[in-house]
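Open the model in your viewer and keep the selection tool handy. Each stop tells you what to pick and what is there.

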Amino acid sequence: MAENTSHTFSPEMRRGLYEAIFRRRDMREFLPDPVPDEVLARVLIAAHHAASVGFTQPWDFIILRDLERRREVKRVFDEERAKNSDQFAGQRRDKFLSLKLEGILEAPLNLIVTCEPERFGPGVLGKVSLRDVEVYSTCLAVENLWLAARAEGLGVGWVSILRNEDLARIFSIPTNVIPLAYLCIGYVRDFPDRPILESAQWAKRLPPRTLLHFDSWNSRAGDEEPLIKAIEDPAIWREIFPDELPASR
């Protein structure tokens, strides 16, 4: 059966999308160059076009330019980083402490993506069975932002070693609003070929085939499964990447 290509993007447009996905990185080092308002505007609009359950659009964006408040965030980060290190021992702890995990003061821009559950009241289409749908939706906005930023040549780093109550205190965030993502944003000298934590040998990307289940968690396919073969076949990318296959990314 022929593929239905009536709504398929052109190979050039598909390549742009996949390039943004494969070349996205969690960045920690930034150049001081300011982010132009028109570039940030496009990125924020892309984030606002994320899918949201019940079209709730539960996100807000706090743009942080006040260096003193960012210094307070850095102080909180340093305290939390020390606490986080206690979960590791020996060489693993030493490696954790050697990693640069934020660019709070170096990045020209910090930004908080928040989530406001029940923005339009308690009745939300799609929420009865899953209570955290607004949180899931806001994560999609973060991903949209991240991919749009990469397309614009901007690096983004998500600082997760922070406590929500500290961010709420520093930035006067209401108690009914969740500070979901603290992001450092700015231009970078270069984007590494591989994720930073992979290059640092902290972790490695799992092979996609190891994450596939068929009809039941307990059912996995062998080497003869057509989908497994397709996932592991570089030829599936040839139309989009005729000169360079993305398998190594």
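**A tour by selection**

Start with glutamate 239 and arginine 14, whose side chains meet in a salt bridge (3.2 Å, N to O). The term means a side-chain nitrogen of Lys or Arg within 4 Å of a carboxyl oxygen of Asp or Glu. This is a predicted model: local features need pLDDT of at least 70, side-chain atom pairs count only at pLDDT 80 or more, and totals for chains, interfaces and linings use all residues. Residues are numbered from 1 along each chain as its sequence is written, and side-chain values use heavy atoms, leaving out hydrogens and water.

Zoom out. The two partners are 225 residues apart: arginine 14 sits in helix α1 (residues 11–23), glutamate 239 in the segment after α8 (226–231). Helices here are DSSP runs (H or I, at least four residues), and strands are runs of E, at least two, numbered from the N terminus. Glutamate 239 is exposed at 53% relative accessible area; arginine 14 is buried at 19%. Buried means under 20%, exposed over 50%, partly exposed in between (1.4 Å probe, protein chains only).

Stay on α1. Select glutamate 19 and arginine 23, four residues apart. Their salt bridge has its closest N and O atoms 2.4 Å apart.

Next, pick Val73, Leu162, Phe171 and Tyr182. Of the 25 residues in the largest nonpolar core, these touch the most other members. Such a core is a set of buried Ala, Val, Leu, Ile, Met, Phe, Trp, Tyr and Cys residues joined through side-chain atoms within 4.5 Å. Now colour α3 (67–85), α6 (164–171) and β4 (178–187): each supplies at least two residues of this core.
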